[in-house]
Amino acid sequence: MPRYRKHIWAGDVYECEEYYSPRAIGKKYNRGQNELLTSEEQKERNLKLARRKLSRLINANFRQGDLFITLTYRKRLSREEIKRELRNFLSRLRRWRKKKGLSAIKYIVVTESESGREHHHLLVNAMEITLKELTELWGNGRVMISQLEPGGDYTGLARYITKENIKEYEKRWTTSRNLVQPKVVVKKINSANPKKKPKPPKGYLVVESSEYFSEEIGPIRYLKAIRLGGDDYGTGKEKTEL
């Protein structure tokens, strides 16, 4: 049976997923098994898939020195008011950066609700801004700000900012339009030696290797590696079963 390998590059992180069926590329492996999942199992599975997608997007666009910001509200607002306040803040921040002669803003925003109180987690490209300046630009409550640590794989951060339930049918995150997308290449490989496992490109260190089964696309071999000399502070490993 022919096999396929999906190669994914996102910043300093390389991932490889090896499939054992041609149906693994953009098609369902076994729809019947998916239908056996409970609603909670399906929700958990969707969250894992979303976190993996988000971690790749973060890895492809953000580095040590970029900012991780949490924006809170001093009072409760409606969902529409919250969306409006976020749009207005991003517009003010965009103008502030332009005035300072900085590059165009790149961002990912995740909105969460803790005990009914919404807040925003914001990843944004580097800028020298004080807490006072940022709090004044926000104007809605408390602000927390920190710089990203060296870490070629920000899966742990993606998991943290999606730790709370997202309302059904709500977007899990919002991004600027200028983000770089992870590079994905799918190749058909010779099935003559099925025991031959995926290997990382030259200059990459393997941090995770596993074999598991996905209800969506069947048995998978998975490998994750970080580029040597990159921001290889940590791996932020997560459970790989989908």
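Let me start with Thr72, which at 16% relative accessibility counts as buried, buried meaning under 20% relative accessible area, exposed over 50% and partly exposed in between, with a 1.4 Å probe and protein chains only. This is a predicted model, in which local features need pLDDT of at least 70 and side-chain atom pairs count only at pLDDT 80 or more, while totals for chains, interfaces and linings use all residues. Residues are numbered from 1 along each chain as its sequence is written, and side-chain values use heavy atoms, with hydrogens and water left out.

Thr72 lies in strand E3, where helices (H or I, at least four residues) and strands (E, at least two) are DSSP runs numbered from the N terminus. The side chain of Thr72 reaches the backbone oxygen of Arg142 at 2.8 Å. Leaving aside neighbours within four places in sequence, Thr72 is in contact, meaning heavy atoms within 4.5 Å, with His119, Trp138, Asn140, Gly141 and Arg142.

Trp138 brings us to helix H4, residues 131–138, whose buried residues are Leu134, Leu137 and Trp138. Seen down the axis of H4, these fall within an arc of 100 degrees, so they line one face of the helix, the arc being that of the directions from the helix axis to the C-beta atoms. The face turned away from that buried side carries the exposed residues Lys132 and Glu136.

What do the buried residues of H4 pack against? They pack against strand E3 (67–72), helix H3 (79–99), strand E5 (117–124) and strand E6 (143–147). Finally, H4 is followed by Gly139, whose phi is positive, near 70 degrees.

How values were computed:
A polar contact is a pair of N or O atoms within 3.5 Å; within protein, one must be able to donate a hydrogen and the other to accept it, and residues adjacent in sequence count only if both atoms are side-chain atoms.
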